Amino acid sequence: MKSTKNTINDIFSKLSEDRITSLKAHKIKLSLMDDVEEFINNAYGSAEFFEEAYDEARSKGIFANDILRFDFSDSLGSAEDEIDRLLTELKQLGVDIPPRVKEMQKSIQDLLGMQKEMEGKIRDL
């Protein structure tokens with residue numbers, strides 16, 4: 001039979017092992033919860049940054065659309081009107097279309113293609 005002192009020491013050693021194991025488990029659980037909370041907070045912060053970036057992008061998109069609709073379209077429309085007027089006058093005079101005017105016509109066609117591309121980009125925003 002074990003002595004009372006050995007039995008008491010066995011009981012205390014088991015109690016302290018249980019407490020240490022239990023404390024370690026609690027410490028691990030708390031650490032994991034802290035990690036999860038940190039990730040959640042980071043996600044909320046990222047959502048705020050997204051909203052700011054989205055608002056800025058939307059504002060820039062509206063600005064780009066205004067440039068396209070007003071500045072670009074007005075200039076291109078005026079160029080088309082003037083080239084038509086120029087071609088009519090050249091035809092009335094019976095003069096062949098000069099190479100420079102042909103270059104301008106090609107530029108206008110290129111710009112019309114660019115306009116369609118830019119409109120597509122605006123739609124994609």
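**Close-up views of the predicted model**

**View 1. An aromatic pair in helix 1.** Phe50 and Tyr54 both belong to helix 1 and sit four residues apart, about one turn of the helix. The model shown here and in the other views is predicted. One aromatic pair is found in a search of the whole structure. Phe50 and Tyr54 form this pair, which is stacked, with 6.0 Å from centre to centre and 20° between the planes. Tyr54 has a relative accessible area of 42% and is therefore partly exposed.

View 2. Ile40 is part of helix 1, which covers residues 4–93. The relative accessibility of Ile40 is 44%, so Ile40 counts as partly exposed.

View 3. The whole structure contains three salt bridges, according to the search. In one of them Glu82 is joined to Arg85, with 3.2 Å between the closest N and O atoms. Both residues, Glu82 and Arg85, lie in helix 1, three residues apart, about one turn of the helix. Glu82 counts as partly exposed because its relative accessibility is 45%. Arg85 also meets the side chain of Glu89 in a salt bridge, at 3.6 Å from N to O. Glu89 and Arg85 are four residues apart in helix 1, so about one helical turn separates them. With a relative accessible area of 39%, Glu89 is partly exposed.

View 4. Lys106 and Asp110 form a salt bridge in which the closest N and O atoms are 3.2 Å apart. The two residues, Lys106 and Asp110, lie in helix 2, four residues apart, about one turn of the helix. Asp110 has 39% relative accessibility and so counts as partly exposed.

**View 5. Helix 2 and its buried residues.** Helix 2 runs over residues 99–124 and has 26 residues. From first C-alpha to last, helix 2 reaches 38 Å, close to the 38 Å expected at 1.5 Å a residue. Val101, Ile108, Gln115 and Gly120 are the buried residues of helix 2.

**View 6. The whole chain for context.** The protein chain has two helices and zero strands. Of its 125 residues, 8% are buried. The accessible surface of the chain is about 11,000 Å², and 58% of that surface belongs to carbon and sulfur atoms. Among contacts with a separation of 6 or more, 62% are between residues 24 or more positions apart.

Key:
Residues numbered from 1 in each chain as written. Predicted model: local features only at pLDDT ≥ 70, side-chain atom pairs only at ≥ 80, totals over all residues. Heavy atoms only, no water. Buried < 20%, exposed > 50% of the residue type's maximum accessible area, 1.4 Å probe, protein only. Phe/Tyr/Trp six-rings, centres within 6.5 Å; stacked < 30°, edge-to-face > 60°. Contact = heavy atoms within 4.5 Å. Areas by Shrake-Rupley, 256 points an atom, 1.4 Å probe, with all protein chains shown as cover. Expected span 1.5 Å × (residues − 1). Salt bridge = Lys/Arg side-chain N within 4 Å of Asp/Glu carboxyl O.
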